[in-house]
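Reader: I would like to question the labels put on a model. Please set each value against its definition.

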Amino acid sequence: MLRTILIHPDPRLKARADEVGAPDDEIRALADDMLETMYDAPGIGLAAPQIGVMKRILVMDCVKDETAPRQPMVLIDPVITGRSEETNVYEEGCLSIPDQYAEVTRPREVDVTWTDLDGNPQSQHFDGLWATCVQHEIDHLDGKLFIDYLGPMKRQMITRRMQKLKRELARA
Ligand SMILES: [Zn+2]
């Protein structure tokens, strides 16, 4: 089932999401909905708070080649356990901040642990776009957006654009 993606500014996008613990059928159904919503958008990552569900779960698939097989990932209660000193600059966007992009500097590589849909612990080393994406999505679980890395002027400009967009969407 497709879910509605919240648009910034929204208090749910600024709040910390709660730990999930052992996943049940409700969480597995939520993950299915999140993947469907992410692919439909289309986007490469989606965190549960973006659809108004305040749980620590994210989905992502950073395979950019549309002819390559999909590589959906579901991370429950993800934690970054290691960060490279070397950084990487990427022009980020966000499904909750449509059509706005800005360069964000983050560690180039990260180690992440999480719980999978069967309740098993997982860990993986991410680099490249996957590393940027997983950090962006984990930020969502802590109520942080990529525009929070920008200067106040640029952040306010984007926020005003989104307020205008939301007014237009409300009238439509
Ligand atoms: Zn985002």
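Author: Start with R28: leaving aside neighbours within four places in sequence, R28 is in contact with P23 and L117. Contact means that the C-beta atoms of two residues, placed from the backbone, lie within 7 Å. This is a predicted model: local features need pLDDT of at least 70, side-chain atom pairs count only at pLDDT 80 or more, and totals for chains, interfaces and linings use all residues. Residues are numbered from 1 along each chain as its sequence is written.

Reader: Where is R28 found?

Author: R28 is found in helix α1 (residues 25-40). Helices (H or I, at least four residues) and strands (E, at least two) are DSSP runs, numbered from the N terminus.

Reader: Why is R28 called partly exposed?

Author: A residue is buried if 20 or more other C-beta atoms lie within 10 Å of its own, exposed if 12 or fewer, and partly exposed in between; these C-beta atoms are placed from the backbone. R28 has 13 other C-beta atoms within 10 Å, so the label is partly exposed.

Reader: What does α1 pack on?

Author: Take the sheet first. It is an open sheet of five strands in the order β1-β2-β3-β6-β7, with antiparallel pairing. Its edge strands are β1 (45-47) and β7, as each pairs on one side only. The twist averages 40° from one strand to the next. Helix α1 packs on this sheet and touches β1, β2 and β3. The direction of α1 makes about 40° with that of β2. Axes here are lines fitted to C-alpha atoms, for helices over the stretch in contact, and angles run from 0 to 180 degrees between N-to-C directions.

Reader: How do you know that β1 and strand β2 pair?

Author: Two strands pair if DSSP finds at least two bridges between them. β1 and β2 (residues 57-60) have three bridges, in the antiparallel sense. That meets the definition, so they pair. The bridge partner of G45 is M60 in β2.

Reader: What makes β6 and β7 a pair?

Author: Strand β6 (residues 110-115) and strand β7 (residues 121-126) are joined over six bridges, antiparallel. W114 stands opposite Q122 in β7. The hairpin of β6 and β7 has five residues between the strands, and G119 takes a positive phi near 85° there.

Reader: I80 is found in strand β3. Is I80 buried, exposed or partly exposed, and why?

Author: I80 has 15 C-beta neighbours inside 10 Å, so it counts as partly exposed. Its strand, β3, covers residues 73-83. Not counting residues up to four places away in sequence, I80 touches V110, V112 and I138. I80 and W114 are 34 residues apart in sequence and 8.9 Å apart in space, C-alpha to C-alpha.

Reader: Where does UniProt place the feature "binding site"?

Author: The unreviewed UniProt entry places it at C94, H136 and H140. These residues span 47 residues in sequence, yet no two of their C-alpha atoms are more than 10.2 Å apart, so they gather at one spot. UniProt positions are given in the numbering used here, feature names are shortened, and annotations may be inferred rather than shown by experiment.

Reader: Why are C94 and H140 called buried?

Author: C94, in strand β4 (residues 87-94), has 26 C-beta neighbours inside 10 Å and so counts as buried. H140, in helix α2, has 23 and so counts as buried too. Beyond four places in sequence, C94 is in contact with L145 and F146, while H140 touches A47, P49 and Q50.

Reader: Why is E92 called buried?

Author: E92 has 20 C-beta neighbours inside 10 Å, and buried needs 20 or more, so E92 counts as buried. E92 lies in strand β4. Leaving aside neighbours within four places in sequence, its contacts include Y101, T132 and H136.
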